[in-house]
Amino acid sequence: MTDIDERLEKTSEHERKRSERIAARSAASGHSRQADADSSTVQGVHPDAVAAVMRADHGDPFSVLGPHQIGPGLWEVRVILPEAKSATLLTAGQRIPFERRHQDGFYVARVESEGRPLYELAVEGWDGTERTRHDPYSFGSSLHQQDIDNLREIGSDVTYRVLGAQSMVLDGIDGFRFAVWAPNARRVSIVGDFNEWDGRRHPMRLWQTGGIWELFVPGLRAGVHYKFEIRGPDGALLPLKADPVAFAAQKPPETASVLQGTNEPVWNDAKWMATRGEKDPRHTAISIYEVHLGSWARVAEEGNRYLTYKELGERLIPYVKEMGFTHIEMLPITEYPFDGSWGYQPVSLFAPTSRFGTPDDFAAFVDTAHEAGIGVMLDWVPGHFPLDAHGLGQFDGTHLYEHADPRQGFHQDWGTYIYNFGRTEVSSFLAANARFWLEHYHLDGLRVDAVASMLYLDYSRRQGEWIPNQYGGNENLDAINFLRKTNEATYSHAPGTMTIAEESTSWPGVSHPTYTGGLGFGFKWNMGWMHDTLEFMSKQTIHRRYHHHDLTFGLLYAFSENFILPLSHDEVVHGKGSLLDKMPGDRWQKFANLRAYFGYMWGHPGKKLLFMGGEFGQQKEWNHNQSLDWHLLDDPLHRGVKDLVRDLNRLYTATPALHARDCEAAGFQWLVSDDQDNSVIAWARKGTNPGEVAVVVSNFTPIPRDGYRIGVPEAGFYREAINSDSERYGGSNVGNMGGVQAEPLESHGQPYSLVLAAPPLGTMIFVREG
């Protein structure tokens with residue numbers, strides 16, 4: 001049995017009790033005639049309607065429940081109180097006993113009132129205690145037709161302003177308004193630990209025009225667990241569903257949604273938010289530390305538990321700051337049921353995972369990062385979702401969020417559903433979710449997962465397993481429209497943020513503006529660069545001369561997109577080994593290769609991304625169930641890799657020539673591209689101001705190259721700012737005594753040249769000083 005099968009079969013305690021109640025309800029239907037006879041005395045209500053309400057099978061509960069005028073100045077108040085021994089209506093100083101009109105707890109009281117009566121309920125439980133409460137069915141709707149209409153607007157924030165459980169005051173009473181999109185449902189109820197998970201007690205009203213079910217429940221407080229009980233169009237009860245717009249969720253393996261108070265975090269990052277949009281990110285230094293929060297570090301002495309958001313703020317953020325990274329990118333933390341999915345199979349897209357704390361704790365983590373000058377990005381998953389019974393699949397008894405045809409709606413590789421981007425409400429839901437993380441939680445960017453799987457109808461499918469678009473092509477036109485509109489919305493409403501596409505094909509214009517026909521992303525992962533260069537680095541050094549093109553090919557297209565160079569989690573899982581493990585040679589050579597590769601990467605055009613552990617040469621393949629091997633930093637070679645990455649980040653950030661034109665061909669110039677026999681490569685990086693020049697030289701063989709001449713474009717002193725072979729990084733200390741003066745001797749088509757000592761398996765970065 002697979003993990004997914006186990007999750008699908010797992011039933012919580014309250015769901016088992018619910019099944020028992022449903023069975024009992026069915027058994028009770030044998031004496032429904034008597035029940036109908038009892039209910040026939042309810043004026044103006046057909047006995048079948050009362051019976052349907054008591055079976056939790058009535059699509060319009062407000063037509064039966066609450067206050068109803070039955071004559072001039074005479075009102076009848078009807079309530080469902082299965083838990084009550086007796087009940088009393090409290091109104092205008094009167095105590096009017098309710099009459100039980102159905103043995104399962106349907107009560108009626110009559111009251112004289114000139115207008116709609118204001119009242120409370122005094123409910124006596126079977127334990128003899130009496131509690132006073134307001135009646136949910138005494139309140140009118142707090143929704144507006146404009147809100148319903150705007151739920152179909154892709155890019156609007158109405159989804160998370162209106163749907164879900166919203167804390168509010170209605171008619172002077174505190175409570176929560178619940179709203180959920182389920183247009184094909186026959187009935188929807190709110191169930192939770194406040195009503196014993198009984199679907200009869202809080203059925204919702206339906207807005208026919210938008211398929212939105214709504215109910216205000218007075219008196220509820222933050223922390224309450226809840227779900228939706230839905231009867232599908234065929235009358236069958238579905239598995240209890242988590243709220244698609246829940247702002248908090250139970251800690252897995254529990255699956256309920258959780259009420260989240262006012263849902264307004266406290267922020268101290270006003271300066272960060274006001275200034276983050278002042279610069280074009282294409283021209284700034286961006287070095288991203290990719291993190292899986294559950295395995296960066298753990299507390300071994302306390303059962304190998306996770307760090308909390310608070311502890312991560314105290315430990316992770318100072319570490320990232322000290323290492324010189326500019327951003328943290330979290331693997332998905334939108335609530336997900338299965339640890340082994342690393343977050344890539346989310347269920348509650350609006351809820352930060354409760355594994356590490358509360359939503360407020362998460363907001364405080366982001367706030368702490370901003371106070372330290374660190375941006376925070378989220379790995380966001382809008383392309384697919386899991387089959388878990390409490391999730392979005394078959395949400396209202398129909399294929400609501402997913403395509404009905406598995407050729408469009410089921411992802412064969414991952415065993416997940418695919419969103420139906422052609423349904424406006426679905427695309428609006430997802431686009432609003434993107435805005436939510438950037439605006440509500442002040443995140444600074446979204447890395448969008450698996451974009452290629454969204455763009456192509458035939459992604460990972462054989463002939464006959466996919467449906468062409470209306471023009472006969474394999475492009476997913478609905479997904480393209482969704483991505484463009486989402487990018488437009490995020491950039492217009494959350495200035496200073498960025499969206500990043502994980503897109504592994506040659507789709508044109510991924511990071512080009514939508515008004516030029518592009519998809520509108522800010523950046524794209526350069527998967528080709530990653531694949532080619534890792535392939536080169538894995539070769540024995542004696543064979544590298546035959547694969548020199550793997551180092552140079554990426555420059556043919558390096559400026560066709562705004563690229564990020566990714567060494568991500570995907571390269572250190574599923575038997576691929578760690579980055580260090582990919583390097584050939586003996587132990588010293590493995591470390592030297594890794595250091596030379598990092599130097600090459602940080603000198604190469606493109607923003608940087610490195611998965612946690614790579615920065616100190618983690619030896620083992622990443623395991624999401626345990627901490628990184630921090631004890632390795634007791635070894636000088638591992639510590640040397642860490643110090644090199646720190647120094648590379650600091651140099652990259654401080655040197656405009658290395659970052660200001662990451663995305664422009666004018667910022668790059670080949671110096672040595674064809675010395676495959678020696679596996680030496682060199683280029684110049686140029687800033688926006690005259691004279692801003694950095695020179696990168698890599699020697700990918702273990703043979704030192706003394707007296708190696710390369711041409712340079714400018715006169716001056718070239719300071720050796722980085723040498724990956726320095727002894728302080730664990731190298732052999734072959735270098736250039738701090739720098740080299742350019743000679744007025746032409747070489748490699750340049751007017752000046754440097755004569756260098758190129759270290760074995762080493763990369764040097766020189767910065768010109770005027």
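Analyst: The axes of helix α8 (residues 309–323) and helix α18 (residues 636–654) come within 8 Å of each other and cross at roughly 70 degrees, where axes are lines fitted to C-alpha atoms, for helices over the stretch in contact, and angles run from 0 to 180 degrees between N-to-C directions. Helices here are DSSP runs of H or I with at least four residues, and strands are runs of E with at least two, numbered from the N terminus. On the α8 side the contact (heavy atoms within 4.5 Å) is made by Y319, E322 and M323, and on the α18 side by K642, V645, R646, N649 and R650. By class, this contact has 3 nonpolar, 1 polar and 4 charged residues, with Ala, Val, Leu, Ile, Met, Phe, Trp, Tyr, Cys and Pro counted as nonpolar, Asp, Glu, Lys and Arg as charged, and the others, Gly among them, as polar.

This is a predicted model, in which local features need pLDDT of at least 70 and side-chain atom pairs count only at pLDDT 80 or more, while totals for chains, interfaces and linings use all residues. Residues are numbered from 1 along each chain as its sequence is written, and side-chain values use heavy atoms, with hydrogens and water left out.

Turning to the core, the largest nonpolar core has 179 residues, and F178 and W296 are those with the most contacts inside it; such a core is a set of buried Ala, Val, Leu, Ile, Met, Phe, Trp, Tyr and Cys residues joined through side-chain atoms within 4.5 Å, buried meaning under 20% relative accessible area with a 1.4 Å probe, protein chains only. Helix α11 (residues 424–439) gives the most to this core, with 9 residues. Beyond four places in sequence, F178 touches residues including I190, M204, W213 and L259.

H292, in the loop between β16 (287–291) and β17 (298–299), counts as buried at 5% relative accessibility. Leaving aside neighbours within four places in sequence, H292 is in contact with L331, Y336, W342, F611, M612, W622 and H624.

As for confidence, the mean pLDDT of the protein chain is 93, and 94% of its residues reach 70 or more, pLDDT being the predictor's confidence in each residue, from 0 to 100. Over residues 1–12, however, the pLDDT is below 50, and it stays under 50 over residues 21–40. Where pLDDT is low, the predicted coordinates should not be read in detail.

How values were computed
Buried < 20%, exposed > 50% of the residue type's maximum accessible area, 1.4 Å probe, protein only.
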